[in-house]
Amino acid sequence: MRSRAATTEGGPSVCPAPRERVRAVRRRLRRADGDVTVRDRLFTLYLLALFAGFFLIPALHAASRAEAPVSLTSPASAATALCVAAAPVCWAAQIAGRIWGPLLLPPLPLHVFVSTDLPPEEYLGPVARRRLASMAGCVLVLGGLGVHLGTDALDRPAVAAVAALPLLGAAALAATAWLWGQVRTVPENLALAALVGAGGLTVATTGRLLGEGVTGAWIAASAPAVTAAVVGRLALRSATQVDLGLLVRWSARADQARTYTVTGTAHHALDLYRPEPRGLGGSLLRPDGRPRGPLSRGAVRAARTPGRTGAGIALTAAAGVLSAVGAAEGAGGPAAWLWVSGAFLAYLGAGWVSEAWRDVRDQSTLPPLFGGGWWTRCVEALAWPLLVVVTVMASAAALTTAARWPAGERSPGETCLLIAGSAVLVLGARYLREMKSHLPLRLLTPLPTPMGDLSGPRLLLWQFDGVVVVVVGAALTHAMPSAARATGLAFFLAACCVWAGVRRAGRPGVRDA
């Protein structure tokens, strides 16, 4: 991009500095899109103040007055717990970087910058540093709230002082892992995830050796900060060497996903990030041209996306472990969080183990190409994901229960009942989500109530109805006094999800029922 010369008449032209050229491009594009007025900013602050005054502050006040579910009695326990919690935060940041990294820019400014002779570090470096600082600040605030509401560390000055260091390290590690997930390859991301997991496991196993000493606690608490320093240096060095063509395609996909999220449905936006199946296309048919059985087709389709299938199986196995631990304990306390977390991971894993979920709605609405009723075709399409979810989750839960038995308040039979109910609830919620079509226009109309316009929460509830059903259903089932009632409630909620999904698909005679 050439700028107008700012020189004396007849003298040589002076090219502005790269930083000034970048600012000029951003200023020009911001004027073309329309500047944000003071009234827009004040209205945004007004909405945030209303949300904080009526919902956020009362909820935080009520939660702070309740008893903390986790007790951190010593600096060593605080350092160990927060260092172990930094591992899943790092993994989540890596996954977020693969989907929506910090280097993504709007397509038009990125096209302008790439078309010039500006080096990438001039327009990517400031964006990366600013967004990494914002990410670290958000993780630090959320982590501080979690420590304040979920533990009693702030009640003891010595424990709070030691807990501050791993909190800062976890925030920095999350920010650097976010950038690492975007600029590094899949094997390098797996290596970082394994390294962080091994570090968290090492700190957890050696936490008992720290005792009540403060020196060992400070040494363990510095592990996330040291890891963040090493990873951040390597990630920032790779940020300026990213493939610009690939970054342009990423930015175009992200802009399209943003448009889908605002004007359509969230699951259409997520479909843009699904991996394309590769290889084994001819294995879906027998040598004589007839289609293979439902289990064989599901296995072949899962093998065509090995990364997504492996991640789904890992999430489902982790869900089985968490569900087994949460189900064996009584109601309340950390067991409830483990139970809800296990149900949520199982919901994610159930959608990743197979691409057959994408065909469920088509099998319910389209004419029968290979014969059979629509119920038969749906069962055949879901045979593989149902088998994988039930088998993996049951195996992980059985191994966990056998390793911990007789620990826990419930017997192995009651634990199996609860895990079966959780699996059925997760599959019903996933079916409800996959039956979703385009955004209904009635959701865009205002919904006036004494609490204000609730059209926004209603739209948000429709977008993430599967997650809401899983979280609320898991919390309700775990709060039931007996395992039989909890399992019955889970089966009832799953049946309601299936009925609502059939109605959503618009089957003749069902919508009018």
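This is a predicted model: local features need pLDDT of at least 70, side-chain atom pairs count only at pLDDT 80 or more; totals for chains, interfaces and linings use all residues.
Reader: Where is Arg-430 found?

Author: Arg-430 belongs to helix α18.

Reader: And is Arg-430 buried or exposed?

Author: Arg-430 has a relative accessible area of 6%. It is buried because that value is under 20%.

Reader: Which residues is Arg-430 in contact with, leaving aside its neighbours within four places in sequence?

Author: With those neighbours left aside, Arg-430 is in contact with Tyr-347, Leu-348, Ala-350, Gly-351 and Trp-357.

Reader: Over which ring does the charged end of Lys-436 sit?

Author: The charged end of Lys-436 lies over the ring of Trp-462, and the distance to the centre of that ring is 5.0 Å.

Reader: Let me step back. How many helices and strands does the chain have?

Author: The chain contains 21 helices and two strands. It has 513 residues, of which 37% count as buried.

Reader: What share of the contacts join residues at least 24 apart?

Author: The share is 78%, taken among contacts in the chain between residues at least 6 apart in sequence.

Reader: Now cavities. How many of 30 Å³ or more are there?

Author: A search of the whole structure gives three cavities of 30 Å³ or more. The second largest cavity has a volume of about 50 Å³.

Reader: Which residues line the second largest cavity?

Author: Its lining consists of Trp-339, Ala-343, Leu-418, Gly-421, Ser-422, Leu-425, Ala-474, Thr-477, Ala-486, Thr-487 and Ala-490. By class, seven are nonpolar, four are polar and none is charged.

Reader: Which helices supply at least two residues each of that lining?

Author: They are α14 (334-352), α18 (412-434), α20 (465-479) and α21 (483-505). Helix α18 gives the largest share of the lining, four residues.

Reader: A new topic: how many aromatic pairs does the count come to?

Author: The count is one aromatic pair. Phe-113 and Tyr-123 form this pair, which is stacked, with 4.9 Å from centre to centre and 10 degrees between the planes. Phe-113 lies in helix α4 (residues 107-114) and Tyr-123 in helix α5 (residues 120-150), ten residues apart.

Reader: Why does Phe-113 count as buried?

Author: Phe-113 counts as buried because its relative accessibility is 1%, and the cut-off for buried is under 20%. Tyr-123 is also buried, with a relative accessible area of 1%.

Reader: What about Ala-319: in which helix is it found?

Author: Ala-319 is in helix α13 (residues 306-328). At 0% relative accessibility, Ala-319 counts as buried.

Reader: Which residues is Ala-319 in contact with, beyond its neighbours within four places in sequence?

Author: Apart from those neighbours, Ala-319 is in contact with Gly-342, Leu-345, Ala-346 and Met-393. Ala-319 and Leu-345 are 26 residues apart along the chain, and their C-alpha atoms are separated by 5.3 Å.

Reader: Last one: where is Thr-391 found?

Author: Thr-391 is part of helix α17 (residues 383-404). At 40% relative accessibility, this threonine counts as partly exposed. The C-alpha atoms of Thr-391 and Gly-320 are separated by 10.0 Å, with the two residues 71 apart along the chain.

Methods
Residues are numbered from 1 along each chain as its sequence is written. Side-chain values use heavy atoms; hydrogens and water are left out. Rings of Phe, Tyr and Trp (its six-membered ring) pair if their centres lie within 6.5 Å; planes under 30 degrees apart count as stacked, over 60 as edge-to-face and the rest as tilted. Buried means under 20% relative accessible area, exposed over 50%, partly exposed in between (1.4 Å probe, protein chains only). A charge sits over a ring if NZ of Lys or CZ of Arg is within 6 Å of the ring centre and within 35 degrees of the ring normal. On a 1 Å grid over the protein atoms alone, a cavity is a set of points where a 1.4 Å probe fits but cannot get out, and a pocket is an open set with protein on both sides within 12 Å along at least five of seven lines; lining residues have an atom within 4 Å of a point. Grid points are joined across faces, edges and corners, and a volume is the space filled by probe spheres set on the points. Ala, Val, Leu, Ile, Met, Phe, Trp, Tyr, Cys and Pro count as nonpolar, Asp, Glu, Lys and Arg as charged, and the others, Gly among them, as polar. Contact means heavy atoms within 4.5 Å.
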